[in-house]
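Work through the exercises below with the sequence and coordinates open. Each task is followed by a solution in steps.

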Amino acid sequence: TLPACATAAPSPSQAASVAGEEAAQQRRPNIVFIMSDDHAYQAVSAYGGEIAQLAPTPNIDRIAREGAIFANSYVTNSLCGPSRATMLTGQFSHLHGFTKNGQRFDNATWNWVREIGAAGYQTALFGKWHLNYSPEGAGIQTWKVLDDQGKYYNPDIITPEGRSVVEGYATDLVTDFSIDWLEEERDPDKPFAILIHHKAPHRNFMPAIRHLQTYLGTEFPVPTNYFDHYDGRPAAAAQEMNIYADMYEGHDLHMTEEAGSNALRFDRWPDDFARMTPEQRAAWDAQMQPANDAVNEAGLAGRELALWKYQRYMKQYLATVAAVDDSVGRVLDWLEANDLSENTIVVYTSDQGFYLGEHGWFDKRFMYEESLRTPLVMRFPGQIAPGTRVEAPVQNVDYAPTFLDYAGIPARAAIQGRSLREVVDGEAPPDWREDIYYHYYEYPGFHSVRAHYGVRTDRYKLIRFYGDINQWEFYDLATDPGEMHNRIDDPAVQPIVARLQLRLEALRAQYRDSDGPAVSDPLTAAAKGRRDAE
Ligand code: SGN
Ligand code: CA
């Protein structure tokens, strides 16, 4: 559960900004949309979890403190490309058509950045795009992007002029590009929307040199379900995203072959390290070697090694978050130094959540809490009271209508989300959604997570996995927040299950999703294929 943070009384500076509200109304607000990749809400200290208290994010927290934190923020499909396409269009995956990574986002599809650009905003994108075509086609005016997933060190950068390797650390480079544009290139007489989209903390979790040792001495609390056996959950049992079974020891955990050697253990994609300069690699080795030698000398195995891998994963992952938080601080400071804090909306989010050892996992995809949720904080002085906590369930379909709303552009019928402006006072209108719909598609694919759809209410969750596994799951989050007990066959909950199945059917109709088997269809697609063939 998340901590309650009280709504603070208006501060003198807020009172002053309220006085300036009228002027702000006439000036269209700027938009700073910061997004990281795979940043778990458990690793944002404003969300209050134990892990993040050991690895705080003071700058991201500052957005929450001076604005709003969304306590119940969810995605519609926990995967990069689909989530980004949803944020651009305000639609679920089946409508914008980008259901799985590797597909191409159709440039002809409406998106809020092009719309806001046509209405007179300057639009710019720096960092990860990952929609498999040039951002130009989507109507983004200025852009400088990482190639595909992007590399941490000396990444390939693609601009309208072409591709080149730029020396530096990706998070810092994306920040530099953004601040350079804000400072030197934008037209100060026009409003702007800047998309600052980091690669971090995405796999393979390589921290900046300055953060390599930040958490080397920190012991993180091990999730109680780290050694999950997945009883009653066949899809969870069939995944390939286990920290101790599926992480590559060199590529992901940065372990070396033996004491005294700096040669990495299994490094499936060697380019991530091979592209470091000799100086970067030497600095890396100098800082990591003692810890790597120590684990090799200890000769850990079995459960001990599994626990060590959890600690190494957390140290590296959270160190990459530290650079993202630095970046947020630089951007907030720049806005302040340039008198732009008042009339600028700042949003920080991630393209989805992530597992930090819960169920033994890294990665995302499942409709279980840690990857269904995504961090979301938003600041807009004078419009959002400092310290606001929003309990209403929100989803990434809501971002596009929010940006349009604040920019004074009418919403479009094709948008399936709603403006967050309706809930940022901490009070949801009576007709705000009470439950959320989710649909994940990418199977077969990386990490072998079966396709599934489901509904989450404030207390219950019903999931249907389909394809070569046909399995319903039901969780009571009030008594089982870790989603360890699938109670789908428990007679006591059948009335609730039946009600949720009807609700799921209604949500699929409401959002016009006919992908996957109908709720009333007891067969999997595969079983159906066999039946039809007979
Ligand atoms: C890469 C990762 C996977 C990850 C996908 C999708 N492997 O393939 O672990 O699930 O991206 O991530 S990596 O070692 O090459 O990074 S997403 O954020 O783009 O959806
Ligand atoms: Ca991602």
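**Exercise 1. The calcium site**

What is the geometry of the site of the calcium ion (ligand 2), judged by the angles among its six donor atoms?

Solution. The model is a predicted one.

Step 1. List the protein donors: Asp37 (OD), Asp38 (OD), Asp351 (OD), Asp351 (OD) and Gln352 (OE1), at 2.1 to 2.8 Å from the calcium ion (ligand 2).

Step 2. Take the angles. Among the six donor atoms they run from 51 to 171°. Six donors count as octahedral if opposite donors are over 155 degrees apart and all others between 65 and 115. An angle of 51° is part of the set, and the site is classed as irregular.

Step 3. Check burial. Both Asp37 and Gln352 are buried.

**Exercise 2. Backbone exceptions**

Solution. 

Step 1. Recall the expectation: most residues other than glycine have a negative phi, and most peptide bonds are trans.

Step 2. Look at omega. The bond between Ala200 and Pro201 is cis, with omega about -5°; Pro201 sits in the loop between β8 (192-197) and α9 (234-238). The bond between Tyr443 and Pro444 is cis with omega about -5°, and Pro444 is in the loop between β13 (436-440) and β14 (452-456).

Step 3. Look at phi. His130, in the loop between β4 (122-127) and β5, has a phi near 65°. Arg365, in the loop between β9 and α14, has a phi of about 80°.

Step 4. Compare with accessibility, where buried means under 20%. His130 has 7% relative accessibility and therefore counts as buried. Arg365, at 4%, is buried.

**Exercise 3. Enclosed and open space**

Which residues line the largest cavity, and how does its lining divide by class?

Solution. 

Step 1. The whole structure holds three cavities of 30 Å³ or more. The largest cavity has a volume of about 60 Å³.

Step 2. Its lining consists of Phe33, Met35, Arg84, Met87, Leu88, Trp129, Leu131, Leu195 and His197.

Step 3. By class, the lining of the largest cavity has seven nonpolar residues, one polar and one charged.

Step 4. For contrast, turn to the second largest pocket, which holds about 570 Å³ of space. Its lining has 27 residues, with Asp148, Gln149, His202, Arg203 and Phe446 nearest the centre. The lining of this pocket divides into five nonpolar, nine polar and 13 charged residues.

Technical notes. Residues numbered from 1 in each chain as written. Chains lettered and ligands numbered in written order. Predicted model: local features only at pLDDT ≥ 70, side-chain atom pairs only at ≥ 80, totals over all residues. Heavy atoms only, no water. Donors = N, O, S within 2.8 Å, 3.2 Å for Na, K, Ca; no water. Tetrahedral: all angles 85-135°; square planar, octahedral: opposite > 155°, others 65-115°. Buried < 20%, exposed > 50% of the residue type's maximum accessible area, 1.4 Å probe, protein only. 1 Å grid on protein atoms, 1.4 Å probe; cavity = no way out; pocket = protein on both sides within 12 Å on 5 of 7 lines; lining within 4 Å. Points joined across faces, edges and corners; volume = space filled by probe spheres on them. Nonpolar A, V, L, I, M, F, W, Y, C, P; charged D, E, K, R; others polar. Helix = DSSP H or I, 4+ residues; strand = E, 2+ residues; numbered from the N terminus.
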